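Subject: Structure for you to look at

Hello,

Here is the structure I said I would pass on. Please open it beside this email and follow the notes below in order.

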Amino acid sequence: MLGLGLSIALVVAAIAALTTASPAVEPESRLALQRRAVPILEFNCNEFPQVCKTQCYGAYCAGNGDLLRYDKPDKKEKRNRRKQAGCEKSGGNRCSVKKNHIIGFQCDEFPYASSSPKGSVTARLNKCVPKAENNKQGGQLNKFYQQQCGSQPCDFQVKMTNGGALCNPGNKMALDIACRTEKINIEQPGAQGPASDSDSSDDGSDMDLAKRDYFKAASIVKRYLTSAGREVELEGDHNIGRSILQVVARNETLHEEQINEDNEEDDFDYMDDNLDIREEIVVKLI
Ligand SMILES: *[C@@H]1O[C@H](CO)[C@@H](O)[C@H](O)[C@H]1NC(C)=O
């Protein structure tokens, strides 16, 4: 909680500073701020387009939503979750060469094995994505858990920027079409074979989650200005004062080397020292 506490303090300080500079920030936003202190972890889909598709499909098409809790699962629980997502097949990971997949791919899940959705639906799913994309996103997430969450359980909202219609819950009609298009690339438990209702594999892979498509209700997305002078689209009201975090590499050359390393253990600590968290605050509705 140290990380979150510190973050709230920083946000309150930033708001106080902004209030002097701009009278548009209303006093009650401090309270709204404390209620809505869940930070936004922003991913730039230009950095890992395939990973973004898994995430946006999982969040907006399959109904998990984008509010997540890092719940610090142990290794065994993470393995269970990967299995629920359909990554683990008997004899190996489905995206590995052992399972006859072409080389250079990893199984990317949403929700992340390290987290659980905050909403009522948990539909874990996966897609095979290029290794470097998976490592890049995994490194960012790991950095966030360590630095922002202080390696303790914490809540956050993911936002996938530059991901097109699939990542925009504000346009329900375009989203529905994007969901249908992306569906063929996604593996979900129950979508992998002609299993009938009476089939049971007892490993979670026969849950018929394929029926849980297109859950996303229309949401209102509004444009906001951040403390960095950037315009972002965010769901709903009460975003003033929220923290938007991006994880960025210090040395791009080193980062490129690191994301191409083999990382079968799914341990991203080796990237930490070369990553920084950049924070912006939402300052006003525009
Ligand atoms: C960035 O990383 C590369 C590769 O490790 C290294 O050769 C280079 O010296 C680094 N640059 C800086 C400015 O540290």
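Arg223 is a residue of strand β9. The model is predicted, so please read everything below as a description of that model.

Next, what does Arg223 touch, leaving out residues up to four places away in sequence? The contacts are Glu231, Glu233 and Ile286. Glu233, in β10, also stands opposite Arg223. On the other hand, Leu285 is 62 residues away from Arg223 in sequence, yet their C-alpha atoms are 6.1 Å apart in space.

Now the strands themselves. β9 covers residues 221–226 and pairs with β10 in the antiparallel sense, over five bridges. The two strands form a hairpin, with four residues between them. Gly229 sits in the turn and has a positive phi of about 80 degrees. Another bridge to look up is that of Leu225, whose partner in β10 is Glu231.

In a regular strand, side chains alternate between the two faces of the sheet. In β10, Val232 and Leu234 make up the covered face. The uncovered face of β10 has Glu231, Glu233 and Glu235.

Both strands belong to an open sheet of eight strands with mixed pairing. The order across the sheet is β6-β2-β8-β1-β11-β12-β9-β10. Why is one side of β6 and of β10 left without a neighbour in the sheet? β6 (115–117) and β10 (231–235) stand at the edges and have a single partner strand each, so one side of each has no neighbour there. From one strand to the next, the twist averages 40 degrees.

Just after the helix comes Gly86, with a positive phi of about 95 degrees.

There is also a ligand. Which residues surround the ligand? They are Asn251, Thr253, Leu254 and Glu257. This shell divides into one nonpolar, two polar and one charged residue.

Finally, some totals for the chain. It has seven helices and twelve strands. Of its 286 residues, 40% are buried. Taking contacts between residues at least 6 apart in sequence, 74% join residues at least 24 apart.

Regards

How values were computed: Residues are numbered from 1 along each chain as its sequence is written. This is a predicted model: local features need pLDDT of at least 70, side-chain atom pairs count only at pLDDT 80 or more; totals for chains, interfaces and linings use all residues. A residue is near a molecule or strand if its C-beta atom, placed from the backbone, lies within 6 Å of it. Ala, Val, Leu, Ile, Met, Phe, Trp, Tyr, Cys and Pro count as nonpolar, Asp, Glu, Lys and Arg as charged, and the others, Gly among them, as polar. Two strands pair if DSSP finds at least two bridges between them. Axes are lines fitted to C-alpha atoms, for helices over the stretch in contact, and angles run from 0 to 180 degrees between N-to-C directions. Two residues are in contact if their C-beta atoms, placed from the backbone, lie within 7 Å. A residue is buried if 20 or more other C-beta atoms lie within 10 Å of its own, exposed if 12 or fewer, and partly exposed in between; C-beta atoms are placed from the backbone.
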